[in-house]
Structure formats: C-alpha cells, structure tokens
Amino acid sequence: GVFGKNALIQTTLLKFEQRLPFEKIAQQMENQFGLSMTAASALEITRRVSEYLRPVYEAIMERVRRSRIVNVDETSEKVDGVNHWLWVFTTKADTFFAIRNSRGKVLLEVLGKDFEGYLGCDGWKSYSNFSGKLQRCWAHLLREAEWLAQQCEETKPLYLALKRLYADLVDSLVGDPPLWQRKKLQLVAKRRLRYWLGKDFESLEARRFVWKVRNGFDFWFTFVLVLGLESTDNRVERALKESVVQRKFIGTFRNEKGTWIYETLMTLLASWKQRVLIRTKRWLKV
C-alpha cells in the first residue's frame, strides 16, 4: 500500500494501545506525521496488520494448548448488538484472546481434546465438564464469603474460617516444601473445610453458598500439590482488565471482521508484553 511499516505499526498502536477511535487516529497521523489518512484507511490498516500476524496468533494458540498450566476466564461482548463472549487464556508466557458467540465449545476449540494440563478457573460448570484437573479461584470464594458475612450474621465464622484456612496454606507453601509435606497439608485442609461445610445454617443464602463450595470440593486444593499452579485467577483477570476498559470505548463490535482484528492484535500485544517482562525480571536477577 501507500503506507510504510512504521505507519502501519503506529496506526495499530494508536488503536489498541492508546484506545483512539479511527477518526482520531487519522487526525493524529496527519497532525504528527503529515500523512493523509481516512478513518476507513485506519481500519483497513489494522485488518492488514492482523492478517499478516495471524500465523503468530495461531502459533500462540498452539503453545497454550501444550502448556502445563492455563488460567482461563470469559466476559460478555457485543457484536452488532448480539451477545458474544470474549475468552482469555493465559500462561506464564502467553495470553490468547478469542471472541465467539458460544460459551460452551470454546474450551475444546482452543485447548483441544488432548489437553492434559491444569486449568485455573472460576466455578462455571463447563470447566469441570471439560477437565478434571482444575483449580477453583480462592479470590472469588473469599469475596463471595465476605459479602455473605456482611449480609448474614451466622456466616461470619465461616468466612473467617475460610480466610484463615487459605492464609495458613499460603504461608505453609512458602519455600516449595516437598511433596509428602504438601500432601499432608492438603489432607488437613480438606478436613478443616469439611468441618465447616458440615454445619447447619438457617438462611437460604448460607445453604446455597455451602452447596456451591461443596460442589467444587475436589478443586479447591489442587494448587497445594501442583507447583506453579496459582490459587487464584488473578492473572487472567488482569489480562481481561484492558479488554473491559476498551469495551467501554468500543461499546459494540460492528461485525465479525472487527472481532477477528481485535482478538489477533490483543493476543500479540499482551503476549509480547509478557515476554518483555520475563526478560526484564531475568536481567534484574543477573
């Protein structure tokens, strides 16, 4: 085209890093660089860049599939006013975005039927239907328990017990103790949780909460045994944060082309940032 690589890069970054609308991007490119550009041209540039980088996007998906630990979450998005889902999968080195109109088949599409790693996730049932190697998010659990304790007096001891149990586990895992010790920690933790889940609560809200915790009982303490598996879904929530902010600016995608561009470029930018951070940490250690 008539624009060089630097113009393509700058246009893409103005859109997906600076969150500018295409009209503002065209103005910025003319004011700063003297390049005459329309909003339609700016959109076309992001499409061309996405098309060029799509093989890298697919390669990141393959790396996520082969990862030992993946954190995953999803949030709603609008495409031409119709509800879709923005999925994000994170590993230590990569972040992968996918926008689909389904909330049930994406795990199989992205991770594949042969995925053998561990999933860090919330309590949505599709995760347990997909895999039995899960770690439920303790941050979600403690937030919900705290809210319930504020609404219902009888659940305050339960919230404090959960909070204390989690803190004890985190403290005990400092220094990566040997496997036999971690197995003992998990066994004791399960006993402590069973004790509180076995209590009788009067309020319907408390009984529903206990049922939810009991229903995911097998997935609260996986992180105790699996080194590198986080006890919360905070990493994937941080990855979603930028998309949530952008959603306020975008409002709704107009068509599938917009979602294709968005998932490609957001995946690449997020993954490259992760690798820069990893290299920086290694350099600081040296």
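Modeller: Axes are lines fitted to C-alpha atoms, for helices over the stretch in contact, and angles run from 0 to 180 degrees between N-to-C directions. We are looking at a predicted model, in which local features need pLDDT of at least 70 and side-chain atom pairs count only at pLDDT 80 or more, while totals for chains, interfaces and linings use all residues. Residues are numbered from 1 along each chain as its sequence is written, and side-chain values use heavy atoms, leaving out hydrogens and water.

Biologist: Thanks! At what angle do helix 1 and helix 2 pack?

Modeller: Look for helix 1 at 5–16 and helix 2 at 22–33; helices (H or I, at least four residues) and strands (E, at least two) are DSSP runs, numbered from the N terminus. The axes of helix 1 and helix 2 are 10 Å apart, and their angle is about 135 degrees.

Biologist: What does that make helix 1 to helix 2?

Modeller: Angles under 35 degrees count as roughly parallel, over 145 as roughly antiparallel, 65 to 115 as roughly perpendicular and the rest as oblique. Helix 1 and helix 2 pack at about 135 degrees. Helix 1 is therefore, to helix 2, oblique.

Biologist: Which residues in helix 2 meet helix 1?

Modeller: Contact means heavy atoms within 4.5 Å. Helix 1 brings Ala 7, Gln 10, Thr 11, Leu 14 and Lys 15. In helix 2 they meet Phe 22, Ile 25, Gln 28, Met 29 and Phe 33.

Biologist: Between those helices sits Arg 19. Is Arg 19 partly exposed or buried?

Modeller: Arg 19 is in the loop that joins helix 1 to helix 2, and its phi is positive, near 65 degrees. Buried means under 20% relative accessible area, exposed over 50%, and partly exposed in between (1.4 Å probe, protein chains only). Because its relative accessibility is 29%, Arg 19 counts as partly exposed.

Biologist: What is the relative accessible area of Asp 176?

Modeller: Asp 176 is in the loop between helix 7 (156–172) and helix 8 (179–197). Its phi is positive too, near 55 degrees. Asp 176 counts as exposed because its relative accessible area is 54%.

Biologist: Back to the helices: how do helix 2 and helix 3 lie, parallel or perpendicular to each other?

Modeller: The axes of helix 2 and helix 3 come within 8 Å and cross at roughly 100 degrees. At their meeting place, Phe 22, Glu 23, Ile 25 and Ala 26 of helix 2 touch Ala 39, Ala 42, Leu 43 and Thr 46 of helix 3. Helix 2 and helix 3 are therefore roughly perpendicular.

Biologist: How far apart in space are Ile 45 and Leu 8, C-alpha to C-alpha?

Modeller: Ile 45 lies in helix 3 (residues 39–65) and is buried, at 2% relative accessibility. Leaving aside neighbours within four places in sequence, Ile 45 is in contact with Phe 3, Leu 8, Thr 11, Thr 12 and Met 37. Ile 45 and Leu 8 are 37 residues apart in sequence, yet in space their C-alpha atoms are apart by 6.1 Å.

Biologist: Now the sheet. In what order do the five strands form it?

Modeller: Two strands pair if DSSP finds at least two bridges between them. The sheet is open, its pairing is mixed, and its strand order is 3-2-1-4-5.

Biologist: Which are the edge strands?

Modeller: Each edge strand pairs on one side only. From one strand to the next, the twist averages 25 degrees. The edges are strand 3 (95–100) and strand 5.

Biologist: How many residues of strand 1 are buried?

Modeller: Strand 1 (residues 69–79) pairs in the parallel sense with strand 4 (residues 118–121) over three bridges. Strand 1 also pairs with strand 2 (residues 82–90), in the antiparallel sense over nine bridges. Strand 1 is mostly covered: of its eleven residues, the buried ones number nine.

Biologist: What do strand 4, helix 5 and strand 5 make?

Modeller: Strand 4 and strand 5 (residues 134–136) pair in the parallel sense over three bridges, and Cys 121 stands opposite Arg 136. A crossover is right-handed if, with the strands pointing away from the viewer, the path from the first strand over the helix to the second runs clockwise. With helix 5 (residues 125–130), these two strands make a right-handed β-α-β unit.

Biologist: Last one: is Glu 263 buried or exposed?

Modeller: Glu 263 is in helix 12 (residues 256–285). Not counting residues up to four places away in sequence, Glu 263 touches Arg 54, Tyr 57, Phe 97, Ala 98, Ile 99 and Arg 100. With a relative accessible area of 3%, Glu 263 is buried.
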